[in-house]
Amino acid sequence: MIDALVIPALKGRKTMARSGSVALVGVGHTRYGKLPEYDAYDLGLWALKEALADSGLRFEDIDGLIVNRIPDYQRFCEIAGLNPSYVSTTPGQGRFSGICIETATALIRGGLATTVALVYGNNGRSGGDRYGGTGDTYGSGGGGQWFAYGMTSPGAFHALMARRHMGLYGTTADQLGAVAKTFRDHAALNPSAVMRTPFTLADYHASRYICEPLHLLDYCLINDGGVALILTSGERACDLAQPPVYVRGCGMATALTNSTFPPDDFWREPMRKAADTSFRVAGASRDDISALMIYDNFTPTVLFSLEGFGYCGEGEGGSFAAEGHLALGARYPANTSGGHLSESYMQGWALNLEAVLQIRGKCGERQVKDCAFAHYMAAAPVVTSIIYGRDPS
Amino acid sequence: VVAPTGFIETWCIFHRSYFDGLSVPYTVIQVRLECGVRLFSNPVGVEARALRIGMPVEAMFEDVTPDVTLLKFKPRKEHQ
């Protein structure tokens, strides 16, 4: 009885923003690949211009700015000609894309800014960034004392986790390969993706080991590029150029103590907390979700995420992926852009952008049918969970 | 006093070289001592393919150069 009364009322309000709602209204990205003529500032500015054009907003409409992986906010604002009310610089760690989006949402809800630009620029490929060896500061940077044993790199950290997952649950290399292959198949449908040539499981096994059990094809790409996202209140969003994509729910949780070592629970507990919060705030459940955007620095992280965010049971991530549930056309198409493994190493930013494009229905050949909700999730010592929705409530 | 005994939690094998002084492939193990402390180290006296999660190990010192001694781990025989 109650449903019969409430649902028609809600349907009538679909285009009206709920007070306190926040929406993504502009997205932009650069070309991805090797772009030696651009530094991180250039890439960020390029992406921001694209996002402004997408939204119909102008530079002077931006009153909040968070830059990520771009070294300095002041220099960026000098170049862009911005005097925002709120400004911040965040470290170039992949976990910060989710953190920045959640922070922007809070800034808008809290009245510190009305329109926030999040700007990411990464020239790591052309800049020669290294992810292992004496310059390795992965995570807390606490790993330096283990260099004498040869322990270094985020890849090795995840190789240790993958090996333990294999030992505890029977996860196989074929199952990791299925993740890599599925995302490559998606990238083949994405004109922006850096790596678009499909491969077989045999190709996967033939690719060289970097840190066993992980092959080259288990690792994310290293490429240059930039992404910008613009968020504003639901009320303002309705007047802009694109249909708003609402940040329906956010959650965050951390596991920072002892984080120089891999977590015993594969971050299951912080993922459960972050997921619960985001679903509760969103008023949605996993049944409502049409597409998954999973932070895929390495293939095993996808399995940990599926388990921790509750899409399958503990230890079942490998079989879940190998059964094909993450492919376009299946129940939970994941990383439809190709993700970090095949589209572009934009440290979560391009996955959030993809969530927006999927909900807008602008993904062409890789479009998920009737995508009303998408779920971005990142498994790391700082876990983030973001539920995007087509409708404000 | 910390007992020099523990077990292997996991391991990985480096095929890409990150440090000039270390030739690949080499193996890094994650050890948990019985007191609960965790360490990264290298295994001694055991092939990588024989490693198992939960394998009991005991600490030993290895002089890797005249100036540097590292704490490494070898398989521990359980009481027969």
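## Salt bridges

A search of the whole structure, a predicted model, finds 18 salt bridges over all chains. A salt bridge here is a side-chain nitrogen of Lys or Arg within 4 Å of a carboxyl oxygen of Asp or Glu. Side chains of opposite charge can pair when their charged atoms come close.

One of these salt bridges joins Asp129(A) and Arg69(A), with the closest N and O atoms 2.7 Å apart. Asp129(A) sits in the loop between α5 (124-127) and α6 of chain A, and Arg69(A) in the loop between β2 (64-68) and α3 (73-80) of chain A, so the pair ties together parts that are 60 residues apart in sequence. Helices (H or I, at least four residues) and strands (E, at least two) are DSSP runs, numbered from the N terminus.

## How the model is read

Residues are numbered from 1 along each chain as its sequence is written, and chains are lettered from A and ligands numbered from 1 in the order in which they are written. In this predicted model local features need pLDDT of at least 70, side-chain atom pairs count only at pLDDT 80 or more, and totals for chains, interfaces and linings use all residues, while side-chain values use heavy atoms, with hydrogens and water left out.

## The contact between chains A and B

Chain A gives 28 residues to the contact and chain B gives 24 residues, where contact means heavy atoms within 4.5 Å. The area buried between the two chains is about 2500 Å², and carbon and sulfur atoms give 66% of it. Buried area is the accessible area (1.4 Å probe) that two parts lose on being put together, summed over both. In chain A, the residues that lose the most area to chain B are Tyr149(A), Leu160(A) and Phe261(A), together 27% of what that side buries.

Between chain A and chain B there are 2 salt bridges. Arg32(B) forms a salt bridge with Asp264(A), and their closest N and O atoms are 3.1 Å apart.

## Elements at the contact

On the side of chain A that touches chain B, the elements that give two or more residues are α6 (154-169) and β5 (209-212). The largest share, 7 residues, comes from α6(A). By class, this side of chain A has 14 nonpolar, 9 polar and 5 charged residues. Ala, Val, Leu, Ile, Met, Phe, Trp, Tyr, Cys and Pro count as nonpolar, Asp, Glu, Lys and Arg as charged, and the others, Gly among them, as polar.

β5(A) pairs with strand β1 (residues 5-14) of chain B in the antiparallel sense over 2 bridges; two strands pair if DSSP finds at least two bridges between them. Cys211(A) has Phe14(B) as its bridge partner in β1(B).

## Chain B

Chain B has 0 helices and 5 strands. Its radius of gyration is 13 Å, close to the 12 Å that the globule rule gives for 80 residues, so chain B is as compact as a globular protein of that length. The radius is taken over C-alpha atoms, and the rule is 2.2 Å times the number of residues to the power 0.38.

## Backbone details

A cis peptide bond joins Glu212(A) and Pro213(A), with omega about 15°. Pro213(A) is in the loop between β5 and β6 (214-215) of chain A.
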